[in-house]
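Okay, hi everyone, let's get going. Have a look at the sequence and the model on the screen while I talk.

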Amino acid sequence: MVDDHTVTRAGVVALLASEPGIAIVGEAGNGREAVELVQTLAPDLALIDLRMPVLDGVAATAELVAGTTSTRVLILTTYDTDVEIERAVEAGAIGYLLKDTTREQLVDAIRSAARGETVLAPKVAERLVARMRRPAPVALTGRELDVSDRTHAVVVALERGLLVRPDRGPNARRQ
């Protein structure tokens, strides 16, 4: 368990201490300590907060995932912005939970993540799905921005594969 707040860490450890099949093998107060502990102890799972001194949770996650152990990283944090979620997932976290998670949800998530299953808090999953449903903006080149009329716009769209020529589509007549 890695969290820079001693009381939070103690609370999570107390919640999990009596849980069969879950053993707390180490605690760290910052990201650098977490990386060193994982490299030494090689646990199945590291439970990490995002905001920590010395090395933040995203950087620690990236180092752990790239390291020599097969330790998986599960984020447990209060931060639920799109940017934070994406950074953690891109760094290699197998899951992302919020600190309002119930004891039962946390235990289930730890077991699932240790088996290699992705675990997301419902609120986090909703945010990711909503973000994926938003269409990505199409970036245009300088030349494409210089299109001066509709005919030229159609020609550029055909060249880029954004449009299919009527004589080459799936319903085109073959000669």
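First, a term: a polar contact is a pair of N or O atoms within 3.5 Å; within protein, one must be able to donate a hydrogen and the other to accept it, and residues adjacent in sequence count only if both atoms are side-chain atoms. Two quick notes on the source. This is a predicted model, where local features need pLDDT of at least 70 and side-chain atom pairs count only at pLDDT 80 or more, while totals for chains, interfaces and linings use all residues. Residues are numbered from 1 along each chain as its sequence is written, and side-chain values use heavy atoms, leaving out hydrogens and water.

So, what does the side chain of aspartate 49 touch? With threonine 77's side chain it makes a polar contact of 2.9 Å, and with the side chain of lysine 99 there's another, at 3.2 Å. Aspartate 49 sits in the loop between β1 and α3; helices (H or I, at least four residues) and strands (E, at least two) are DSSP runs, numbered from the N terminus. Buried or exposed? Aspartate 49 counts as buried, at 3% relative accessibility. Buried means under 20% relative accessible area, exposed over 50%, and partly exposed in between (1.4 Å probe, protein chains only).

Now over to helix α3, residues 57-66. Its buried residues are Gly57, Val58, Ala60, Thr61 and Leu64. They're on the same side of α3, because they cover an arc of only 160° around the axis, going by the directions from the helix axis to the C-beta atoms.

Last stop, helix α8, residues 150-160, where you'll find valine 154. That one is partly exposed, with a relative accessible area of 40%.
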